[in-house]
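Hi there,

Here is the structure I promised to pass on.

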Amino acid sequence: MLRLFLPALVLICAPFAALAAPVHVDSPGKVLSVDVETDPDGRPSYQVLRNGKPVIAPSRLGFILADAPKFERNLVLGKPVTRSFDETWEQPWGERRSIRNHYNELRVTLTEKIAPKRSFDVVFRVYDDGVGFRYEFPDQPQLKEVRISEELTEFNIADEATAWWNDGFGWNREEYLYHRTPIEEVGIAQTPITLRTQAGLHLSIHEAALVDYAGMNLVRTEGRQLRAALTPGSGGFAKVERTAPFNTPWRTLQVGERAGDLVESSLILNLNEPNKLGDVSWFKPMKYVGVWWEMHLDKKTWASGPKHGATTENVMRHIDFAAAHHLGGVLVEGWNIGWDGDWFGNGQDFDFSKPYPDYDLVKLAAYAKSKGIHLIGHNETSANAAHYESQMEDAFTLYQKLGIDAIKTGYVSDAGQARVTGRDGKVHYAWHEGQDMVNHFQRVVDAAARHHIAVDAHEPVKDTGLRRTYPNFVSREGARGMEYNAWGNPGNPPEHEVNLVFTRLLAGPMDFTPGIFKMQTKPGSHVSTTLAKQLALYVTIYSPIQMAADLLDNYEANPAPFQFIEDVAVDWEETRVLNGEVGDYVTIARKQRGAEDWFLGSITNAQPRTLQTKLDFLTPGKRYTAQIYRDAPDADWAKNPEAIVIEEREVSSTDTLTLKLAPGGGQAIRFKAL
């Protein structure tokens, strides 16, 4: 449902005239403001202020082009065009049902005062909790084909700040541990990058609506200045090739007093276009089990042979388990031809329609349907996008016929080694977040939508809120997931999940695959959490699809804690961050969509914590049974990770709970309305 509240054009002026003073726009509540100006050399810059104090000091705008003079000086500001916009829109699924989209917009044209007098617009949308801005290239004869070598967009952080960031342009794509450093020690960083200033303000820099463009990283140039670093293309000097008219993605800045304000912000979603798919009720948020963790533990194999995991018998057992415990789906990896031999970074042998002989695809699809379970297909491409696209339409047609309405895709290869079909019709090597791969993912999502299939992408292009426009793009990986605890060297440390909440998850849902009950994995490896924290991850790490990732044997041996996984929702009416600090701890409460129940998850890093948590998010006057899953008094991620206490008590909105979190621990609570 869309409820539009009087979007209004406030001022429309001539497109070009020199201004002596900066152009200015305030957010609706006059919390944030943006100024745009040019210096005596005609170099444009912008700055962002909060309550009159600089957050982003003057920062450059512009481009270096591959086959034309750079586009960043001798520019004149045109008169501004401003408007106000206010709507409330509804997500078909999400961390909250209703989202308000309320901003003031400033559009300004920058035109060269010397020949060839090219121009572009910069559009700022200013919210009370953040700013988005993008470049818009008009149709103009002097710049029709635009080949961008680098974007000169800067973010000059006004105050001293601590940064949480991970490395850009690494061989392992987005899958690195987060650094916590002064901003002056940032190297090349992926986005989102999260900052806490010396004054206690929390910032996140990212991008929204990444379409037909290269993904943006950030490189520190000097002091506290960060500059855009576009992901390379598949060849040549140009990183982006477009034909005008076109828009760049939005460059985004989220701003909040609390760390939790960043999580509660809907800025990224609001800067994306509305739903283009129409009715997507064919996708239902769900929990699932799968033939997956046993391969990471070397108990089964993706390849064929005596330890093959994707057998008819094994999958039928998973279907029966999912049905008995009211889960929605079963993921099966290693089901299709191509896993034998050299598949990593190759993918040429994968057949996305042909199963191994010991996997009866048609029988299993029918059996799953008879039990009310969705089979989740797995399409590992080894980043051979060209090969995948040659089979994609036939594969999706088959899946739709069999009732397989969700797929997990994979792009396992070294960064820079994806294979794409270029504009010249030839196959080129490409970076995972270059323009060619961004366009590949769009083709996958478009094709999947035509066949009513939802996409969960691993080793993906980062999330930039496109799930608003294409709601079948339901989740992504895009960071270190649970599998690193099986074989990572090192695995994920206790602060990893708290870091994710305030960094990677600001971009959108993550298929992290929580729910491990046995923390000792392979010799020398373990999961650095307690069991109670594993349950809390179902609330703190948002995704509309959540895997119960452990072996079925471990769940069957521990029915009491598994009850929380069976009960926890995956689609939410609203979300509130009750407390938290980046990398240290967080407590999140979410209300189940279509029900009165609330769920709470609280997690910490290696430090034990005691948190006082008010329950004023509960409906006043209602009573609830709090079903509590907490760390036992002697629980510790390193010494006694599986010690858990399960208890109940009656509560209301006037109560306060004391949450005691063990080192690496957590607490999960279901508030069941009476």
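Arg476 sits over the face of Phe473, 3.8 Å from the ring centre. Arg118 does likewise with Phe71, at 4.4 Å from the ring centre. For a charge to count as over a ring, NZ of Lys or CZ of Arg has to be within 6 Å of the ring centre and within 35 degrees of the ring normal.

Before you go further: this is a predicted model, in which local features need pLDDT of at least 70 and side-chain atom pairs count only at pLDDT 80 or more, while totals for chains, interfaces and linings use all residues. Residues are numbered from 1 along each chain as its sequence is written, and side-chain values use heavy atoms, with hydrogens and water left out.

On to ring pairs. Rings of Phe, Tyr and Trp (for Trp, its six-membered ring) pair if their centres lie within 6.5 Å; planes under 30 degrees apart are called stacked, over 60 edge-to-face, and the rest tilted. That gives 39 aromatic pairs. Take Tyr46 and Phe124: their ring centres are 5.7 Å apart and the planes are at 45°, so this pair is tilted. Tyr46 belongs to strand β5 (residues 44–50) and Phe124 to strand β11 (residues 119–127), so the pair ties together parts that are 78 residues apart in sequence. (Helices, H or I with at least four residues, and strands, E with at least two, are DSSP runs numbered from the N terminus.)

Are those two rings, Tyr46 and Phe124, buried or exposed? Tyr46 is buried, at 2% relative accessibility, and Phe124 is buried too, at 0%. Buried means under 20% relative accessible area, exposed means over 50%, and partly exposed is in between (1.4 Å probe, protein chains only).

There is also an aromatic cluster to find, whose members include Trp302, Trp335, Phe350, Tyr388 and Tyr399.

Next, the salt bridges, meaning a side-chain nitrogen of Lys or Arg within 4 Å of a carboxyl oxygen of Asp or Glu. How many salt bridges are there by this rule? The count is 48. Here are some to click on:

- Arg443 and Glu389 have their closest N and O atoms 3.0 Å apart. Arg443 is in helix α7 (residues 435–450) and Glu389 in helix α6 (residues 385–402), so the pair ties together parts 54 residues apart in sequence. Arg443 is partly exposed at 37%, as is Glu389 at 28%.
- Arg242 and Asp212 meet at 3.1 Å, N to O. This pair links distant parts of the chain, 30 residues apart: Arg242 is in strand β22 (residues 240–243), and Asp212 is in the loop between β19 (202–208) and β20 (216–222). Arg242 is buried at 16%, whereas Asp212 is partly exposed at 21%.
- Lys30 and Asp26 have their closest N and O atoms 3.6 Å apart. Lys30 is exposed at 61%, while Asp26 is partly exposed at 23%.
- Asp41, Arg43, Lys70 and Glu72 are joined in a network of salt bridges.

Last, a hairpin. Strands β29 (residues 418–421) and β30 (residues 427–430) pair in the antiparallel sense over 4 bridges; two strands pair if DSSP finds at least two bridges between them. Which residue in β30 is the bridge partner of Val420? That would be His428. The hairpin has 5 residues between its strands, and Gly425 takes a positive phi near 85°.
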